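Please look over the model below. The report covers its core, its surface and some residues of interest.

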Amino acid sequence: MANAFLSLSRLAAAFRGLLAALVPPTDASPAAPARALPARPARAHELKPLRVVRVLEPSAPRSTAGRMVISGRLADVCAELDRLAALEAQGC
């Protein structure tokens, strides 16, 4: 089980690295004016909650960790992976 959480923390680090590679660096020079995005009202049906589902296969022994499916906004998923990694580091 420790290996599963360790791999989750590596996966979270990979997501953060990918996100950092995709976001262009900001240029604060006056030659490049910043574009302001129009404010969108947050509608309740647009905000998807974070979902964490643990899937246990019936044929697998109870001692195995199984699979975990986490869905939602990328920031929420990364925060949940960080939380799980911190729990694993504490030995819970």
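A nonpolar core is a set of buried Ala, Val, Leu, Ile, Met, Phe, Trp, Tyr and Cys residues joined through side-chain atoms within 4.5 Å. The structure here is a predicted model.

**Core.** Five residues make up the largest nonpolar core: Ala-12, Ile-70, Val-77, Leu-81 and Leu-84. H2 is the top contributor to this core, with three residues. Setting aside neighbours within four places in sequence, Ala-12 touches Leu-81 and Asp-82.

**Glu-80.** This residue sits in helix H2, which spans residues 74-90. Is Glu-80 buried or exposed? Glu-80 counts as buried because its relative accessibility is 11%, and the cut-off for buried is under 20%. Beyond its neighbours within four places in sequence, Glu-80 is in contact with Leu-50, Val-52 and Ile-70. Ile-70 is also a member of the largest nonpolar core.

**Surface.** A nonpolar patch on the surface is formed by Leu-11, Phe-15, Leu-18, Leu-22 and Leu-74. Together these residues have about 450 Å² of accessible area. Helix H1 (residues 2-22) supplies the largest share of the patch, four residues. Leu-74, another patch member, is found in helix H2. Leu-74 counts as partly exposed because its relative accessibility is 37%, and that class lies between 20% and 50%.

| Residue | Relative accessibility | Class |
|---|---|---|
| Glu-80 | 11% | buried |
| Leu-74 | 37% | partly exposed |

Terms used
Residues numbered from 1 in each chain as written. Predicted model: local features only at pLDDT ≥ 70, side-chain atom pairs only at ≥ 80, totals over all residues. Heavy atoms only, no water. Helix = DSSP H or I, 4+ residues; strand = E, 2+ residues; numbered from the N terminus. Buried < 20%, exposed > 50% of the residue type's maximum accessible area, 1.4 Å probe, protein only. Contact = heavy atoms within 4.5 Å. Patch = residues over 30% accessible without salt bridge, like charges linked within 9 Å, V, L, I, M, F, W, Y side chains within 5 Å. Areas by Shrake-Rupley, 256 points an atom, 1.4 Å probe, with all protein chains shown as cover. Salt bridge = Lys/Arg side-chain N within 4 Å of Asp/Glu carboxyl O.
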